[in-house]
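Hi everyone, thanks for making time for this. Let me put the model up on the screen, and then I'll walk you through a few places in it.

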Amino acid sequence: MGSNLDISASEADLQNIFTRSNRFTVPDYQRLYSWKESQWEEFWNDLTSLDEEDTHFLGSIVVIQHQKKYDELDELELVDGQQRITTISLLLRVMREYYGAHSETGLSEQIDTNYLHETDFDNDRYPKLSLSRFEDADYQKILDSDPEGVNEESQLRQAYEYFHERVFECEIEEVDQLRKRLLGSMTLVVVECDSAASAFRLFETLNNRGLELSAVDLMKNALLQVASERYGGTDEETYEHIRAQWERVLENVVYEINNPDRFFRHYMMSRADPDIEGSITSRTLYDTFRDLLDNRLPTDETTLVEYVDGMVETSELYVGLTKADVDVFSGRPQKRINRRLRNLNDIQSSHSRTLLLRTLKEFDEYDDVLSVLRLLEVFMVRWRVSGNQTGSKLDRIFSELCSDAFDTTDPVKTIQMRLAEEAPGNDEFRSRLANSDFSRNAQTKYLLDTIERRHYMESGEGKDYDRATVDIEHIAPQQAFSAKKYSTWRDVLGVGKAEFNQYRNRLGNLTLLEERLNETAKDNPFEQKKDQYKLSDFQMTQEIRERYDRWTVEEIEDRSEHLAEIGVEIWDFDRYV
């Protein structure tokens, strides 16, 4: 591992490790307990299959040793290995309960005293293991015999229940054997580091040799390593500030959104300083961040502290973008902004958040922000409908706009011209709208809803509604050729199953319908459906009743082309600037 790493390593059985006079602590920046049944089962099978003379190596744990005053317990901060230590502690907790119910030998108290708790020189009692503040309360409830006070969805409670079921199926002689194997035959290598810098260098070395760590884990290690080298010992307050700010970012992002690495990629690409022109992928995220720390920060304008502070502020905004709930204006303008954000979320436009972050930082005027949101909506609809799924190209487009557009005299116009240049043209977009299959999902509901609002309701007709409460209705049923109840449709459609399958999910065969009407209409022939459509408040649905006397693939094709023409007019770059 390199002689420059200030570490020591030793292998010991679990009894030796757990009876040392110290405490394990899981820092707040670590991920939550995440082992699931497959890992619990593998651990249990390893334990139960051990022969009397065998030992089983569980791997290594990496800890930072924090020496306390002589009358206080030293702490071992778990940099790696918290999943195994937590699992072992939960199994010991179950064994303590088992012996309390089935034995008067004192083994229950022994497990509690020797392995689950530790006492200091004043005989004050502490848990042997403390988890991060995000889940320590749940762990302590389980430790203190109140597992039912923990949410049923908690992985900690589920782990406890898994081992409880396994242990309580055993006879006491079997549990005795399992306890001895667990404590005496299972071993770990404890890698002790005397500083954060040593632990982080070790972490990177292990990762280079195949240890699976996330980019976010490695970024944290790199940041704290650099902060330790620059400020540790000389400016401890600044080091602790950076560490605390990173933990705030994790609290805002890692536990609030899926794919948290997206936030870090989008934040780094959106920044004016240091400016990153190209795209950052999940694969290149850590390397880019490492280069930024080593070679690009500080700049003349941005210190490391300012960069991390900006990350905290932006993380709060980013979570708002994912929920379509940001607070940058007030009143009706704010509602319109969030409505546009919901539209972008429905059409799966997460890549556009790079440009959104920069837009909301640069623009104070509502009209400018709204224009960019509209342009993004047009671009992303054309991109998605045309089947362009390449995320790396989207990242490059939005990153380059962040680098170039805001230095021009008219950033909105620059954004419009670049997006129009990259987007599919009218002919391709029209063809895709008319001839593609559309799933019954949020994106399709957005398309129909937008056509209804911006074309059919522009005359002032129709009634406002919440998109979430509306159904997508297949005019000709999807299962017309596979369900007996739709047998009358087969004669009406005038084609075979294979040809109908090419038309059943076209935009022209879809419309919006109130849930109460859809329940009644969905199984009916077309003439009876039209009676339900007459009761609908949706103008596009009324038009079907008024425009068509029958419903075959020819009508589906005609209406698909009709809606495609409307779509080209609605999602037009010149309409919104």
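Before we look at anything, one definition: helices (H or I, at least four residues) and strands (E, at least two) are DSSP runs, numbered from the N terminus. Please also keep in mind that this is a predicted model, where local features need pLDDT of at least 70, side-chain atom pairs count only at pLDDT 80 or more, and totals for chains, interfaces and linings use all residues. Residues are numbered from 1 along each chain as its sequence is written, and side-chain values use heavy atoms, with hydrogens and water left out.

Let's begin with the overall picture. The protein has 26 helices and 10 strands, and its C-alpha atoms fill a box of roughly 85 × 65 × 40 Å along the principal axes. Of its 577 residues, 55% count as buried; here buried means under 20% relative accessible area, exposed means over 50%, and partly exposed is in between, with a 1.4 Å probe and protein chains only.

How about contacts, meaning heavy atoms within 4.5 Å? Among contacts with a separation of 6 or more, 71% are between residues 24 or more positions apart.

Now, charges. Lys and Arg count as positive and Asp and Glu as negative, while His and the chain ends are not counted. Each charge is placed at NZ of Lys, CZ of Arg, CG of Asp or CD of Glu. The protein has 71 positive and 115 negative charges, and their mean positions are 7 Å apart.

Side chains of opposite charge can pair when their charged atoms come close.

I picked three of them for you. In helix α6 (residues 155–167), Glu 161 and Arg 157 sit four residues apart, about one turn of the helix. Their closest N and O atoms are 2.8 Å apart in a salt bridge. Glu 161 counts as partly exposed because its relative accessibility is 37%, whereas Arg 157, at 10%, counts as buried.

Moving along to helix α10 (residues 236–253), Arg 243 and Glu 247 are again four residues apart, about one turn of the helix. Here the closest N and O atoms of the salt bridge are 3.8 Å apart. Are these two residues buried or exposed? Both Arg 243 and Glu 247 are buried.

Arg 396 is partly exposed at 30% relative accessibility, and Glu 400 is partly exposed at 22%. Salt bridges with shared partners then join Lys 393, Arg 396, Glu 400, Arg 418 and Glu 422 into one network.

On to the surface patches. These are made of residues with over 30% relative accessible area and no salt bridge; like charges are joined within 9 Å, and nonpolar side chains (Val, Leu, Ile, Met, Phe, Trp, Tyr) within 5 Å. Arg 332, Lys 335, Arg 336 and Arg 339 gather in a patch of positive charge. Arg 339 belongs to helix α14 (residues 331–346) and is partly exposed, with a relative accessible area of 48%.

Which residues gather in a patch of negative charge? Asp 51, Glu 52, Glu 53 and Asp 54 do. Glu 52 is found in the loop between α2 (37–48) and β3 (56–66), and its 65% relative accessibility is why Glu 52 counts as exposed.

Two last stops. Leu 370, in helix α16 (residues 366–385), counts as buried at 8% relative accessibility. Leaving aside residues up to four places away in sequence, Leu 370 touches Ile 337 and Arg 340. Leu 370 and Arg 575 are 205 residues apart in sequence and 13 Å apart in space, C-alpha to C-alpha.

Finally, Lys 485 lies in the loop between β9 (470–474) and α21 (487–493). Lys 485 is exposed, with a relative accessible area of 51%. Its C-alpha atom is 9.0 Å from that of Asn 524, 39 residues away along the chain.

How values were computed: Areas by Shrake-Rupley, 256 points an atom, 1.4 Å probe, with all protein chains shown as cover. Salt bridge = Lys/Arg side-chain N within 4 Å of Asp/Glu carboxyl O. Contact = heavy atoms within 4.5 Å.
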